[in-house]
Amino acid sequence: MKDLKNKKIFLVTGSAGFVGYHVTKRLLELGHIVHGIDLMTASYYDPLLKEARLNVFKNSSNYIHHKIDLANTAAVKKIQTDVGNIDIIIHLAAQGCVLRSFEFPHEYVQDNIVSFQNILELYSSNKSKSMGAATKWISRNIPDSLLWSQPHDAESLWQPQRCSAPKTV
């Protein structure tokens, strides 16, 4: 049986994507509560694959899916009302292919920049203990044994974005 006193409430964006699915699955295996966000409509991603990943979670009482557009500020604000206190936010939803930014620049900005701004505002207003954004930062800085158990200071929140910003524009 899992130690329930250490159970945390996670918000994982991009929970039906490749990395988001595996992060969500691991958190659920450890007994945490996960609110997953994925719009499920990315034109560059097979929706059947995302649906299959979400089906893995359908029998888990600790997984709640929210199908919202993270670029919709009102919808993201409603998440705080619906979910309440979020201990840790893991933001993985984004368009990863920079080449698409040349073909669909407005879509790219909405999915990567506006969405990230909305998640930062959610983090700030929710007073979450920790936030991770950018898969390289997560894989390099969070030992599996700790799994986000230590709070991060404000400077460490911005560091991964400074390092990865040139790659996302």
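Reply: The buried residues of H1 are Gly20, Tyr21, Val23, Thr24, Leu27 and Leu28, where buried means under 20% relative accessible area, exposed over 50% and partly exposed in between (1.4 Å probe, protein chains only). Helices (H or I, at least four residues) and strands (E, at least two) are DSSP runs, numbered from the N terminus. This is a predicted model, in which local features need pLDDT of at least 70 and side-chain atom pairs count only at pLDDT 80 or more, while totals for chains, interfaces and linings use all residues. Residues are numbered from 1 along each chain as its sequence is written, and side-chain values use heavy atoms, with hydrogens and water left out.

Me: Within what arc do the buried residues of H1 fall, seen down its axis?

Reply: The arc is taken from the directions from the helix axis to the C-beta atoms. The buried residues of H1 line one face of the helix, because they fall within an arc of 170°.

Me: Which elements do the buried residues of H1 pack against?

Reply: Contact here means heavy atoms within 4.5 Å. The buried residues of H1 pack against strand S1 (9–13), S2, H2, strand S3 (63–66) and strand S4 (88–91).

Me: Which residue forms a salt bridge with Lys50?

Reply: A salt bridge is a side-chain nitrogen of Lys or Arg within 4 Å of a carboxyl oxygen of Asp or Glu. The closest N and O atoms of this pair are 2.8 Å apart, and the partner of Lys50 is Asp38.

Me: Where in the chain do Lys50 and Asp38 lie?

Reply: Both residues, Lys50 and Asp38, are buried. They are twelve residues apart and link distant parts of the chain: Lys50 is in helix H2 (residues 47–57), and Asp38 is in the loop between strand S2 (33–37) and H2.

Me: What separates Glu29 and Arg26 in helix H1?

Reply: The side chains of Glu29 and Arg26 meet in a salt bridge at 3.9 Å, N to O. Glu29 counts as partly exposed at 40% relative accessibility, and Arg26 does at 32%. Because the two are three residues apart in H1 (residues 18–29), they are separated by about one helical turn.
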